[in-house]
Amino acid sequence: MVHIRVINPNTARTMTESIGHRARAVAEPSTIVTAVNPAMGPESIESHYDEALAVPGLLAEIAAGEAAGADGYVIACFGDPGLDAARELASGPVVGIAEAAMHAATLVGRGFSVVTTLARTTGRTRDLAARYGFADACRGVHACDIPVLELDDPSSNARKVVADLCASAVDRDGCDSIVLGCAGMASFCTDLSRRVGVPVIDGVAVATKLVESLVSLGLRTSTRGEFARPGPKKYAGLLRDFSV
Ligand SMILES: NC(=O)NC1=NC(=O)NC1=O
């Protein structure tokens, strides 16, 4: 039996529940999915500042997962915040939803485009595509300019706005697939795939299945080199409890 801890790094409980629902929908019946979010940090992650302030809470959830015996982790935010630091704490695999979605996109087509939330996050998306080796495969990054916490607000008309943006991205970029650039769009995926006519990829689902597969293959984070556990050290002030 595989136990996956799916971490929403922001503190919006409603998003955590939606993310958990999406992960359970694709996981094997025998897999235990625990969806959590930190008690501290930003209510949504839409800037570098938000992302930086989300990492301590994320790492606290990784530490809690280690204590609870989690076999692997999903970081369910499209900026993949704290991914490398999380890998230093986790014994099992840690997969970010951007990393997972981009890899999946390159397995079903040559080029993909990303449809994300605020325009100010598009640079981070391009940085991640480059980091993961997909600078050429990423044909475009388009922002719907709907704030993360308004995606599930019917008055934002987010589903139609995102669907129209996906369709125009296919036309303009000539991409073979679309990657959804926010965990808050996960519930849109199935409907969008039907409407847009190309694979629409949600990183929550892909990351969940990737972690499940890695664990079932007995693959854990390598602790020999870069992702070895951090050495003993004092952390002052608000972070005093983060000594490992
Ligand atoms: N591009 C994004 O806005 N990503 C996200 N912000 C969040 O709070 N969760 C996400 O997935």
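**View 1. Centres of domain 1 and domain 2 in the predicted model, 22 Å apart over C-alpha atoms.** Domain 1 covers 3–96 + 205–242 and domain 2 covers 98–203; these bounds come from an automatic or database domain assignment. In contact (heavy atoms within 4.5 Å) are 27 residues of domain 1 with 31 residues of domain 2. This is a predicted model, in which local features need pLDDT of at least 70 and side-chain atom pairs count only at pLDDT 80 or more, while totals for chains, interfaces and linings use all residues. Residues are numbered from 1 along each chain as its sequence is written, and side-chain values use heavy atoms, without hydrogens and water.

**View 2. Shell of 13 residues around the ligand.** Shell residues have a heavy atom within 4 Å of the ligand; the closest are N10, I45, T117, G181 and A183. The ligand lies between domain 1 and domain 2 because both give residues to this shell. By class, the shell holds 7 nonpolar, 6 polar and no charged residues, with Gly counted among the polar ones.

View 3. Of the 300 Å² of accessible area that the ligand has on its own, the protein covers 97% (Shrake-Rupley method, 1.4 Å probe).
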